[in-house]
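This briefing is intended for a reader new to the structure. Please keep the model in view while reading the points below.

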Amino acid sequence: MMKIKFELNNKEYVFNEDPSKRLLDILRNNFSLTGIKEGCGEGECGACAVLINGELINSCLVPLANVHNKKIMTIEGLSETKRGKLIKDSFSKAGAVQCGFCTPGMMMATEALLNKTAHPTVDEIKIGLSGNLCRCTGYNMIIEAVLLASKEGEGLW
Amino acid sequence: MKSVNKTIPSIDGKGLMMGRPAFTDDLAEKNSLIVKVLRSPHPFAKILNIDKSKALELEGVELILTHEDFKRNSYTRAGQGYPEPSPHDKFVLDEYVRHIGDEVCCVAAVTKEICEEALELIKVEYEVLNPILNFEDAIDNKSIIHDEPEAHEMFPIGFEPKRNIAASYKMEVGNTEEDVKKSDVVIKQSFYTQAQAHVMMEPHTVNARIDYLNRLVLYSATQTPIHVRRILSQTLEFPLSRIRVIKPRVGGGFGGKQALHGEMLVSAVTLRTGKPSKMVFTRKEVFESSYSRHPMRFDITLGASKDGMLETIDCYVLSDTGAYGEHALTVFMVAGSKVLPLYNKVKSVRFHGHVAYTNHTPAGAFRGYGAIQGNFALESAIDMLVDKLGMDPIEFRDKNMIKQGETSPIFAIMGEGTEGTAMNMESCELEFCLNRGYELINWKNTYPYIQVSKNIRRSVGMAIAMQGSGIPYIDMGSATIKLNDDGFYNLMVGATDIGQGSDTILAQIAAETLGCDTSQIIVYSSDSDLTPFDTGAYASSTTYISGNAVYKAALKMRQMIVREAALAFKVDESIIEYDGTTIKADDKEMTINELSNRLYYNEDQKQLTSTESYVGTKSPPPFMAGYVMIDLDTETGEVKIVDYVSVVDCGTTINPSLAKGQVEGGIVQGIGMAIYEEVLYNSSGKLVTNNLLNYKIPTRKEINKLTTEFAKSYEDSGPYGAKSVGEIGIDTPPAAIANAIYNAVGVRITSLPITPEKILLEMKKREGEKR
């Protein structure tokens, strides 16, 4: 057991836990954050992506010890922000959601991308979101969603 | 139309985007026992002994179940109409294991870690048997995969387990052998397709609990909740009336969830312990231990007259169903029934073959369901024939393909496991699809190819396809509509939304019929206790079958409302005018809110509820033409998809955006099958491509332009003119891409996936031949 301190969705938490547990399990089980999905458990699909100190990271590969003293943002936190709401509306308008299982991870990737590049080109979007697999859509609606968010969110990123 | 043929966002999208608890694992009891399965390291073996003593000593291990804990009730995991056309060749747990990853026994423990530790402490003694790892060696092999006396067919499907045959089939119209002899131009070719994996993003997931009524309640990521309930009850011998199956939101299925995966074991654990339990497949288990697409070999002979009329199609098919025969016969038959009618002017057709057992991961339902395999073979062969005739592929198809008002004898002969249903094409815009795609891809200026740079050839290729809309006289959908106070409705459907958006389009159909806004329709789907029957999400049936049920139920509700208004106004029903919001008769007026409140609390008190069901009497096919433009690098053999044009006739699109999502999602899966998704087994029968690193589904980087258009088409028998659209998108890419590669460099690749290696190798061979 180890004393862990982190900021999760803008709120600070201190608790004792096994530091070897996966961040994914801690967020889902201890914090009931169901927006984080386990698609593969191997860091390949991006369904469990969160932001750790602003970087997009698959939480299935992160032992709890690694996030001590760090800032974590999940889809639940992002949804509460202006940018999160805008991404949500853009995904909705572009018809980018089918089953919705990969979508929270995809939206986290969008936030990470737009944080770095407020006006990405289609190629930059393709690379920025290539770590997030989707098996339902043809991907193009997701690219449209990101372009829409980038356009309508002028000044937010 | 107000609500139908309108793009609205899917009704569940926003909640899912916010990560609200909605999927099966989000809804498991917090204290659920974790169920994990010990899986076979051998492709074929008899279990001699399972020593579970050490594992049972481990603190936190609740239960270990082996084959000795179950009665030998054989069943099929396939969720299909009952009696199932799949052989009953599976046990909950068996003393034989038939593929690497097959179930040996299962552990239930308080944590995942304890479960995994316990699995390692279980010692199993096996007698290793000779596996069959090549489906072309399976029939009449010395090894018999299903020698157990309990295995049986539910009705004749050509099941011959002693010969490793799960199913056989033969049909012939006319005399193909004679017609081949008489044909001016003949081609003969074999084609191979691979065991594509579904890779739905949500792995197979199920959890169970006993509720306060002492009933077994399952949450399952399934496409077929009602079939799950029936099969569970029959196999575990637990009363059907004490099982409730709830399908929450599902993270994609594509046919992969048209079967039971963890349901049996989780139910057995919860029934025995009284405690909630859950099982979530690992990604490796999804690859190795669920099922994949049936690999097939097609031996095709085509004969044509020299003026370009296709005279005869002769097709032998060998299909590999792996260790168990889920969907064995029906997938096989669809490879013919949803492909052969495309060319309805032939004098003769033969379609026959076998489905063989092997010791590979089983095969089962997968979007396209045989049609994509058959389409790759036939549409590749057609281009070979066209080439030999010296004709244009478009002109040949235009001359030979099925058109509006026509029929094919195949419809009456071939159904799914049984005889089919005769029908005429009352909505067939294939001709439009063919011509429109030709324009959109710029065929005229590109065919066969243009040299864009030293190494890059840009070429085009195409294929046509058809699918169905449900299975006539078998698939049933039903719907219940309830009028609430304040004038909003509940729509309860058995139809199973697995991410395709069926809840949304069914709400649109109800809203259109009732004249209200879609937001006034609150949909609940797929709860075996609360929603009416539906066979489930498969066979491209939801829009057409379930949609028709919703339409009928909504129409009935509308009539009930008019009747109640007539009572309230004390007038004859015939003079009532109702636009969905306001009810008028002469000078009297009342809103639906007022009427519904009156019915709940004041006068003529009653609950208005309408229920209707629908069984198809035919299966109107959606059609499409798929055109691809590729850039082929003649140095590396690499193929880049530049544009994929789909022109689709699915009748009216209830929600154009969701319909486009279905088509484009299918196209990308089809592109994956055509050129990326390689399935590799090692020599000892182990699936090597069992993770997302080795098994390559297309990512965003691989997908360029997709151009999708819908033909103006109206199917009279469908709800507001709609046909189904779930599968048609996947069918054309393998053949269209293979044809484009031929058009670029003159090599014909006959096995999937088409890798750069295969292309280069064939190009080298061809150069060798030229010299």
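In strand E5 of chain A, A:Met73 is the bridge partner of A:Leu51. This is a predicted model, in which local features need pLDDT of at least 70 and side-chain atom pairs count only at pLDDT 80 or more, while totals for chains, interfaces and linings use all residues. Residues are numbered from 1 along each chain as its sequence is written, chains are lettered from A and ligands numbered from 1 in the order in which they are written, and side-chain values use heavy atoms, with hydrogens and water left out. Helices (H or I, at least four residues) and strands (E, at least two) are DSSP runs, numbered from the N terminus.

**A sheet in chain A**

- Strand E3 (residues 49-52) and strand E5 (residues 70-73) of chain A are paired antiparallel over two bridges; two strands pair if DSSP finds at least two bridges between them.
- Helix H4 (residues 103-116) of chain A packs on the sheet and touches E3, E4 and E5 of chain A; contact means heavy atoms within 4.5 Å.
- The direction of H4 in chain A makes about 35 degrees with that of E3(A); axes are lines fitted to C-alpha atoms, for helices over the stretch in contact, and angles run from 0 to 180 degrees between N-to-C directions.
- The order of this open, five-stranded sheet in chain A is E2-E1-E5-E3-E4, and its pairing is mixed.
- At its edges are E2 and strand E4 (55-58) of chain A, each of which pairs on one side only.
- From one strand to the next, the twist averages 40 degrees.

**A sheet in chain B**

- Four strands of chain B form an open sheet in the order E22-E21-E20-E26, with mixed pairing.
- Strand E22 (521-525) and strand E26 (609-615) of chain B stand at the edges with a single partner strand each, so one side of each has no neighbour in the sheet.
- The twist here averages 20 degrees from one strand to the next.
- Strand E21 (residues 489-493) of chain B runs parallel to E22(B), and five bridges join them.
- Within E22(B), B:Ile521 stands opposite B:Tyr489.
- Helix H14 of chain B lies across strand E20 (476-483), E21 and E22 of chain B, at about 140 degrees to E22(B).
- Helix H16 (residues 592-601) of chain B lies across E20 and E21 of chain B, at about 85 degrees to E20(B).

**A hairpin in chain B**

- Strand E24 (residues 582-585) and strand E25 (residues 588-591) of chain B run antiparallel and are joined by four bridges.
- B:Lys588 in E25(B) is the bridge partner of B:Ala585.
- Two residues lie between the strands of this hairpin, in which B:Asp586 takes a positive phi near 50 degrees.

**Helix packing in chain B**

- Two packed helices are described by the angle between their axes and the distance between the axes.
- Helix H9 (residues 371-389) and helix H18 (residues 733-745) of chain B pack at an angle of about 30 degrees, with axes 8 Å apart.
- H9(B) is therefore roughly parallel to H18(B); angles under 35 degrees count as roughly parallel, over 145 as roughly antiparallel, 65 to 115 as roughly perpendicular and the rest as oblique.
- The crossing of H9(B) with H18(B) is right-handed; a crossing is left-handed if the near helix is turned anticlockwise from the far one by less than a right angle, and right-handed if clockwise.
- Residues of H9(B) in this contact include B:Ile372, B:Phe376 and B:Asp383, while those of H18(B) include B:Pro734 and B:Tyr742.
- Helix H14 (residues 502-514) and helix H15 (residues 542-569) of chain B have axes that come within 8 Å and cross at roughly 35 degrees.
- H14(B) also passes H15(B) in a right-handed crossing.

**The interface between the chains**

- Chain B contributes 52 residues to the contact and chain A contributes 50 residues.
- About 4000 Å² is buried between chain B and chain A, with 56% from carbon and sulfur atoms; buried area is the accessible area (1.4 Å probe) that two parts lose on being put together, summed over both.
- B:Met17, B:Met201 and B:Arg700 supply 24% of the area that chain B buries against chain A, more than any other three residues.

**Backbone features**

- Most residues other than glycine have a negative phi, and most peptide bonds are trans.
- A cis peptide bond, with omega about -5 degrees, joins B:Tyr82 and B:Pro83.
- The peptide bond from B:Leu752 to B:Pro753 is also cis, with omega near -5 degrees.
- A:Asn10, not a glycine, has a positive phi of about 70 degrees.
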